[in-house]
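Biologist: I've got a new model open and I'd like to learn how to read it. Could you walk me through it, feature by feature?

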Amino acid sequence: QVQLVESGGGLVQPGGSLRLSCAASGSIVAINAMGWYRQAPGKQRELVAVSRGGGSPNYADSVKGRFTISRDNAKNTRYLQMNSLKPEDTAVYYCNANIKSLAYSNRDYWGRGTQVTVSS
């Protein structure tokens, strides 16, 4: 069974930085894509950033130039470096991955989410 575990959320002042981590574990054959979504209170879940295969990452317009997604393939981990944080970045951040495992063909998985709060 594949699991995604996020870490790194917390409370930060406007203009500050946080780094989120998402580690995938289990009988993984290949990670086709992995990224981050977020959901603020009363709003729909939205894509923040995604890294697919060997291509360049894609970012939501609202985070371009501030957020950077990176990877450690040996650890099946993706990182989201968030700089110049704004109050409107406050949300629960969810890791999402499309993974081929020994048990299943390509399938989407979600982490439990980590809270990011930007407030003075």
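Modeller: Let's start with a handedness: the link of Cys22 and Cys95 is left-handed, with -85° about the S-S bond. The pair links distant parts of the chain, with Cys22 in strand S3 (residues 18–25) and Cys95 in strand S9 (residues 91–101), 73 residues apart. Keep in mind that this is a predicted model: local features need pLDDT of at least 70, side-chain atom pairs count only at pLDDT 80 or more, while totals for chains, interfaces and linings use all residues. Residues are numbered from 1 along each chain as its sequence is written, and side-chain values use heavy atoms, with hydrogens and water left out.

Biologist: What counts as a disulfide here, and how many disulfides does a search of the whole structure find?

Modeller: A disulfide is a pair of cysteine sulfur atoms within 2.5 Å. The search of the whole structure turns up one: Cys22 to Cys95, with S to S at 2.0 Å. As for strands, they are DSSP runs (E, at least two residues), numbered from the N terminus.

Biologist: Are Cys22 and Cys95 buried or exposed?

Modeller: The scale is relative accessible area: buried is under 20%, exposed is over 50%, and partly exposed is in between (1.4 Å probe, protein chains only). Cys22 and Cys95 are both buried.

Biologist: Now the charges. How many salt bridges does the structure hold?

Modeller: A salt bridge needs a side-chain nitrogen of Lys or Arg within 4 Å of a carboxyl oxygen of Asp or Glu. The structure holds four. One of them pairs Arg38 with Glu46, whose closest N and O atoms are 2.7 Å apart. Arg38 is buried at 6% relative accessible area, whereas Glu46 is partly exposed at 34%.

Biologist: Which residue does Asp89 meet in a salt bridge?

Modeller: Asp89 meets Arg66, at 2.7 Å from N to O. Asp89 lies in the loop between strand S8 (77–82) and S9, and Arg66 in the loop between strand S6 (58–59) and strand S7 (67–72), so the pair ties together parts that are 23 residues apart in sequence. Both Asp89 and Arg66 are buried. Arg38, Glu46, Arg66 and Asp89 are linked in a network of salt bridges.

Biologist: And what about Asp61 and Lys64?

Modeller: Their side chains also meet in a salt bridge, 3.1 Å from N to O. Here Asp61 is exposed at 65%, and Lys64 is exposed at 51%.

Terms used
Helices (H or I, at least four residues) and strands (E, at least two) are DSSP runs, numbered from the N terminus.
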